[in-house]
Amino acid sequence: MACTSTRRSPGLSLGAPTDDRSSEASTPSELALAEENARLRKVCQALIERVESSGVAGGAPYAAFEHAVLLAEQVRERTETLHRTLDELSQANEELGQLNTKLREEIDERLAAEQGLRDAKAEAEAANLSKTKFLAAVSHDLLQPLNAARLFTSALAEHDMPAASQALVGHIGRSLKDVEGLLGTLVDISRLDAGVLKPDVATFPVSELLDMLAEEYRQVAVAQGLSLHYVPSSAVVHSDLQLLARVVRNFLTNALRYTRQGRVTLGCRRRKQGLEIVVADTGPGIADDQREAIFLEFRRANSHTDTRDRGLGLGLAIVDRIATMLDHPLRLRSRPEQGSAFSILVPYGKQQPHALPPQDAIASGALLTGMHIWVIDDDPAICEGMTALLSGWGADVSGAASLDRLEVVNDRDVDMLIIDYHLAEGEPDGLAVARSMRQQRPDLPVLVITANHDAELKRRARDLGFTCLLKPVKPLRLKMLLVNMLDDLQGRSD
């Protein structure tokens, strides 16, 4: 490599020659060295110029060196930063992996817990359904003797007897009614909770419902020293008759329970959206802070402390659930110490109401006199009780556990059939038996009595042209249905 040093060699000049010293050379060797030195000086000068021209603009060779060193330092620092970042990323990935593992464990635990909840919910629903079926079965078994007892009591009340005996019969009847109310309330709330109680919506004249309730509760009001004012209506509504009756019955029961003096009013108001059925009283009223609470379960107004009251505080809770299921709005108007008014808004129906028999005929049961009625029920007590009750209303009654037994002992044609839906095991149900009788007697009025609240059963009975009545049988309701059925039959024959 050529030397680029600018330091002078001893005895030699590296700068530009100022004079020609070749003449000073004394020997040929010195002369050769002088020429070689001059040539090298030119080469060194050219290299210096090339180095300076290849550096940064306006810089010098040292500046280029500093720039290179700076770049190398920056590369080193950035490399170290990159290594640190890679280390941090590696550590973060490791932590993320640990977190993912923990999350997976938590997710597995939650999935297991959710599965446990689903299993528990399924078990609870199964238990609730089992409870509902149990209550339905128990209620049916309990309603049978209760139904017979009420029929016997009502039949006994039709007989002439001393005033003391009549009072005792009245006490028995009220006690049986209390048992019926408590049992019915428990069964209804269970069915509503389980969702097995479905509405059977049909069109009917509202008088078919309210006339019977007014007559029934008028007697209760008189026994309590109150008066029941009833305003009849000719409107036709579209609803479930049995469920709507449950609502209005609760309104009337509460009104009579909480009213100490004055009267209770049952009537209707025609609204644009539907018919508003109203039950108003002159009781103590309901405070503003209790208006929502009284519709909750086991909650009752604080203004009543009668120890004879056996209510469970479920009446208005059932009303609220039935109204929600039927989509019938409820309304409460009340002023403390001035009374309350409960109402339910029911949509109108399109069917025109048929003319009902006069109330005196219903009250006396005159249209039943001389009628031959068959009663089919596999419970002998029910047959005996129904026979005693209907005989007291003037009817000629034949009762048995099956159709075959009735046809064997009767040579007279039947005018009406009253049959239980659930007959003896292995026998056709009441609808099937009634349908077979209808094939021979197309105009035969049929009343099917059952403790089954299934809406499908009621629809089947209605499609067959049968009337359906739920147990336990209320004597006044039974009388009204029988009179209406016979009146319809006579109307068709005319």
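The structure is a predicted model, in which local features need pLDDT of at least 70 and side-chain atom pairs count only at pLDDT 80 or more, while totals for chains, interfaces and linings use all residues. Residues are numbered from 1 along each chain as its sequence is written, and side-chain values use heavy atoms, with hydrogens and water left out.

Start with the sheet. Five strands form an open sheet in the order β2-β4-β5-β7-β6, and their pairing is mixed. Strands (E, at least two residues) and helices (H or I, at least four) are DSSP runs, numbered from the N terminus. Two strands pair if DSSP finds at least two bridges between them. In general, strands of a sheet pair through backbone hydrogen bonds, either parallel or antiparallel. At the edges stand β2 (227–230) and β6 (330–335), each of which pairs on one side only. From one strand to the next, the twist averages 15 degrees. The pairing of β6 with β7 (residues 339–346) is antiparallel and has six bridges. Serine 334, for instance, has serine 340 in β7 as its bridge partner.

Next come the helices. Helix α4 (residues 207–223) lies across β2, β4 (263–270) and β5 (275–281), at about 165 degrees to β2. Helix α5 (residues 241–258) lies across β2, β4, β5, β6 and β7, and runs at about 20 degrees to β5. Axes are lines fitted to C-alpha atoms, for helices over the stretch in contact, and angles run from 0 to 180 degrees between N-to-C directions. Contact means heavy atoms within 4.5 Å.

How do α5 and α6 lie relative to each other? The axes of α5 and α6 (residues 315–326) come within 9 Å and cross at roughly 150 degrees. The two helices are therefore roughly antiparallel, a term for angles over 145 degrees; those under 35 count as roughly parallel, 65 to 115 as roughly perpendicular and the rest as oblique. Residues of α5 that meet α6 include Leu243, Val247 and Phe251, and those on the α6 side include Ile318, Val319 and Ile322.

Last, the confidence. pLDDT is the predictor's confidence in each residue, from 0 to 100. The protein averages 78, and 76% of the residues score at least 70. Among its elements, β5 has the highest mean pLDDT (94) and helix α7 (residues 359–364) the lowest (47). Over residues 1–20 the pLDDT stays under 50, and over residues 353–365 it is below 50.
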